[in-house]
Amino acid sequence: MYEEISKYKILIIDDGMLNQFVLDKILGNIYTLRKAYTAKEALEIVHQFRPHLILLDIILPDANGFDVLASLNELEDTHNIPVIICTGLDSDADEEKGFMLGAVDYIKKPFKDAIVLARVNTQIRIIKQMRTIEQLGLIDALTEISNRRAFDNQIQYEWRRAVRERSEISMLMLDIDKFKNFNDT
């Protein structure tokens with residue numbers, strides 16, 4: 001299980017070195033971590049690192065964490081990344097605002113190791129389950145080959161790539177005779 005879970009990447013966005021150290025101590029032996037100290041740095045790293053989960057502080061030196069969360073939700077390649085707010089702000093209004101902006105959880109500082117680990121593990125488990133569901137939705141249960149939905153996804157990807165690279169795209173269609181016999185057996 002350790003090897004499988006260690007593939008998951010977490011971006012920690014917090015300007016406090018002590019907070020980064022504590023989160024590294026709790027999560028660093030289990031997950032692949034990257035750290036950002038400012039909102040600007042975080043928004044650059046997120047596109048390169050492509051994390052599965054983000055831990056976001058609200059108080060940053062160059063921006064409000066709520067604004068960072070809103071920006072992440074607006075961007076095509078980051079809007080599906082779950083964000084856990086990790087902050088010293090403990091008012092119900094701040095917590096509510098975080099959830100209204102799309103945060104999946106809210107952890108209050110100071111950190112409790114077991115709480116942080118449980119909440120992060122829960123989000124990673126949800127991510128794994130969502131991936132499994134997505135994959136099952138792309139495979140025909142009878143033949144165990146890609147289905148029409150997988151084809152539609154792939155052709156959209158290839159079309160965008162061909163347009164972006166100004167290259168050609170080709171497709172080959174086959175009709176398999178007596179395929180019903182194969183399906184029936």
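Student: First up, what does Asp24 count as in terms of relative accessibility?
Tutor: Keep in mind that this is a predicted model. Asp24 counts as partly exposed, at 29% relative accessibility.

Student: And which side chain does Asp24 meet in a salt bridge?
Tutor: That's Lys35, with 2.5 Å from N to O. Lys35 sits in strand 2 (residues 32-36) and Asp24 in helix 2 (residues 17-27), so the bridge ties together parts eleven residues apart in sequence. Lys35 is partly exposed too, with a relative accessible area of 28%.

Student: OK, what about Lys25, which partner does its side chain meet?
Tutor: Asp113, in a salt bridge of 3.3 Å, N to O. Lys25 belongs to helix 2 and Asp113 to helix 6 (residues 113-136), so here the parts tied together are 88 residues apart in sequence. Lys25 is exposed at 52%, while Asp113 is partly exposed at 37%.

Student: How many salt bridges does the count come to?
Tutor: Ten. One of them joins Glu165 and Arg161, with the closest N and O atoms 3.6 Å apart. Those two are four residues apart in helix 7 (residues 148-165), about one helical turn.

Student: Switching topic: how many helices and strands are there?
Tutor: Eight helices and five strands. The radius of gyration is 21 Å, well over the 16 Å the globule rule gives for 185 residues, so the protein is more spread out than a compact globule.

Student: And what share of the residues counts as buried?
Tutor: 32% of the 185.

Notes:
Residues numbered from 1 in each chain as written. Predicted model: local features only at pLDDT ≥ 70, side-chain atom pairs only at ≥ 80, totals over all residues. Heavy atoms only, no water. Rg over C-alpha atoms; globule rule 2.2 N^0.38 Å. Buried < 20%, exposed > 50% of the residue type's maximum accessible area, 1.4 Å probe, protein only. Salt bridge = Lys/Arg side-chain N within 4 Å of Asp/Glu carboxyl O.
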